[in-house]
Amino acid sequence: MVLATNSDSDEHLHSTFASRYVRAVVPRFKMPDHCMPKDAAYQVINDELMLDGNPRLNLASFVTTWMEPECDKLIMDSVNKNYVDMDEYPVTTELQNRCVNMIANFFHAPVGEDEAAIGCGTVGSSEAIMLAGLAFKRKWQHRRKAQGLPIDKPNIVTGANVQVCWEKFARYFEVELKEVKLSEDYYVMDPAKAVEMVDENTICVAAILGSTLTGEFEDVKQLNDLLAEKNAETGWETPIHVDAASGGFIAPFLYPDLEWDFRLPWVKSINVSGHKYGLVYAGVGWVVWRTKDDLPEELVFHINYLGADQPTFTLNFSKGSSQIIAQYYQFIRLGFEGYKNIMENCMDNARRLREGIEMTGKFNIVSKDIGVPLVAFSLKDSSKHTVFEIAESLRKFGWIIPAYTMPADAQHIAVLRVVIREDFSRGLADRLITHIIQVLKEIEGLPSRIAHLAAAAAVSGDDEEVKVKTAKMSLEDITKYWKRLVEHKRNIVC
């Protein structure tokens with residue numbers, strides 16, 4: 001009589017909690033030689049992902065972390081569609097065009113009621129900025145060539161508070177980045193200083209509607225007026241690009257009378273992130289141009305499908321359709337009224353959080369009342385403890401809150417920043433305030449890390465010498481130390 005035995009394969013299929021596979025080191029550098037059951041592979045990866053932070057508590061990010069189940073289903077139903085296959089998915093292309101038209105409309109683009117706007121969907125605002133920058137560079141080159149002038153030294157004028165994608169554009173496409181330095185209590189680009197830096201080689205001035213650092217809107221209206229005067233004097237025709245990655249889906253609903261968009265004649269293009277306050281998961285962005293003349297024709301490729309001409313202007317080729325479909329869902333689902341209600345609620349929760357932080361008496365509020373719904377704040381007294389310690393301590397409650405130093409020339413200022421998204425409720429705001437108060441009490445009872453760091457940084461010598469050097473160590477020196485420490489941690493996570 002032959003006894004039935006489980007095959008090795010059957011044992012693998014019925015392994016408890018993937019135990020056979022978690023005994024070995026998870027592959028990191030080399031693909032494993034053999035396959036594993038699908039449930040085991042899921043378990044191994046899912047267990048590792050448990051160590052990630054909770055996206056809903058990631059208050060460092062502007063990116064959307066919640067959508068309605070109906071939209072989640074639309075995303076999953078279209079996740080296998082490659083947007084670039086316009087012949088196969090003409091309806092998806094039509095939905096993108098509808099989104100472009102709607103965005104251009106509430107940015108006050110000068111297009112007729114039934115006239116198609118000029119713009120496109122992108123992977124995010126980074127790609128959108130690359131495309132807008134290339135258009136400005138090409139337009140500037142055409143103008144210079146027509147005048148018989150050299151085209152080898154293009155530059156862009158920005159504030160030092162710009163997002164890193166502007167630095168990427170400048171480096172990748174060989175354009176000098178001329179930055180207006182910041183100053184204490186003024187953490188956005190000064191329009192007057194920006195216009196002073198404009199010269200004949202400036203392809204555009206980039207203004208930020210919603211600074212990453214403080215959420216503040218830069219004064220695009222003043223920039224436009226000053227630039228108009230300079231252009232009239234010099235004949236340079238220097239244009240403006242508005243990086244509205246964060247504020248583009250806020251200003252039209254909360255500050256409709258604020259002039260920052262195509263109502264200003266020298267604003268030629270605008271980018272906005274659909275995956276931020278456009279309320280769509282990452283990654284989708286949008287870029288729109290004022291008129292067809294502002295996008296050089298040679299940068300646009302034309303695809304002929306279903307008997308119609310389809311222009312395309314992107315840096316990449318293949319990309320998913322899901323986020324574009326999700327953006328259209330949000331537009332028709334929420335409408336103007338829905339977006340307005342959500343943004344008002346975000347601002348209400350930001351005000352509640354701000355009030356709670358102010359009530360501690362320990363912080364200076366750096367962010368402004370008008371801007372992106374966030375709260376940026378610095379310690380009034382950083383002589384014993386720093387915002388970096390507070391951020392580190394809040395991690396134990398699950399909160400992910402960034403601490404960082406300002407760019408030049410305000411790098412001695414270190415702040416915490418809490419971004420308020422749609423899924424950050426009043427209850428979460430109250431809970432965060434409670435945890436901040438608790439952390440403050442805890443660290444106030446601890447020895448000063450600053451004194452410890454200063455002593456460690458002091459040159460070795462007798463006790464008296466160390467005490468003197470510790471006393472002389474400035475807050476700026478301590479902030480620099482923490483900045484290096486934070487940057488080191490970021491680098492090893494990369």
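**Entry 1: Terms and model**

I take two strands as paired if DSSP finds at least two bridges between them. Helices (H or I, at least four residues) and strands (E, at least two) are DSSP runs numbered from the N terminus. The model is predicted: local features need pLDDT of at least 70 and side-chain atom pairs pLDDT 80 or more, while totals for chains, interfaces and linings use all residues. Residues are numbered from 1 along each chain as its sequence is written, and side-chain values use heavy atoms, without hydrogens and water.

**Entry 2: The chain as a whole**

I began with the totals for the protein chain. Its secondary structure comes to 16 helices and 13 strands. Of its 494 residues, 47% count as buried (under 20% relative accessible area, with exposed over 50% and partly exposed in between; 1.4 Å probe, protein chains only). I then looked up contacts (heavy atoms within 4.5 Å). Among those with a separation of 6 or more, 70% link residues 24 or more positions apart. The accessible surface is about 25,500 Å², and carbon and sulfur atoms hold 53% of this surface (Shrake-Rupley method, 1.4 Å probe).

**Entry 3: The sheet of seven strands**

I next followed the open sheet of 7 strands, whose order is E1-E7-E6-E5-E4-E2-E3 and whose pairing is mixed. Strand E1 (118-122) and strand E3 (176-180) stand at the edges with a single partner strand each, so one side of each lacks a neighbour in the sheet. On average, neighbouring strands of this sheet are turned by 20 degrees against each other, direction ignored (axes are lines fitted to C-alpha atoms, for helices over the stretch in contact; angles run from 0 to 180 degrees between N-to-C directions).

Within this sheet, I find strand E6 (residues 267-273) joined to strand E7 (residues 285-289) by 5 bridges, and the two run antiparallel. In this pair, Ser273 stands opposite Gly285 of E7. Helix H5 (residues 90-106) lies across E1, E6 and E7, and its direction is at about 60 degrees to E7.

**Entry 4: Lys276, between E6 and E7**

I looked up the loop between E6 and E7, where Lys276 is found. An unreviewed UniProt entry places the feature "modified residue: N6-(pyridoxal phosphate)lysine" at Lys276; such annotations may be inferred rather than shown by experiment. Is Lys276 buried or exposed? Lys276 counts as buried because its relative accessibility is 16%. Leaving aside neighbours within four places in sequence, Lys276 is in contact with Phe62, Val63, Thr64, Ala245 and Ser246.

**Entry 5: Asp243, in E5**

I turned to strand E5 (residues 240-243), which holds Asp243. Asp243 has a relative accessible area of 5% and is therefore buried. Which residues does Asp243 touch, not counting those up to four places away in sequence? I list Ile129, Trp166, Ala207, Ile208, Leu209 and Asn271. Trp166 lies 77 residues from Asp243 along the chain, and their C-alpha atoms are separated by 9.7 Å. Their side chains are joined by a polar contact of 3.0 Å (N or O atoms within 3.5 Å, one able to donate a hydrogen and the other to accept it; residues adjacent in sequence count only if both atoms are side-chain atoms).

**Entry 6: Thr122, in E1**

I then examined Thr122, which is found in strand E1. Thr122 counts as buried, as its relative accessibility is 2%. The side chain of Thr122 reaches the backbone oxygen of Gly124 at 2.7 Å. Beyond four places in sequence, the contacts of Thr122 include Gly285 and Trp286, as well as Lys319.

I checked the pairs in turn:

- E10 and E11 pair over 3 bridges in the antiparallel sense, with Ile365 opposite Phe377 of E11.
- Strand E11 (residues 374-379) pairs with E13 over 4 bridges, also antiparallel; here Ala376 stands opposite Arg417.
- Strand E12 (residues 403-405) pairs with E13 in the antiparallel sense over 3 bridges, and Thr405 has Ala414 as its bridge partner.

How many residues of strand E13 (residues 414-419) are buried? I find 6 of its 6 residues buried. Ala414, Leu416 and Val418 point one way from E13, while Val415, Arg417 and Val419 point the other way.
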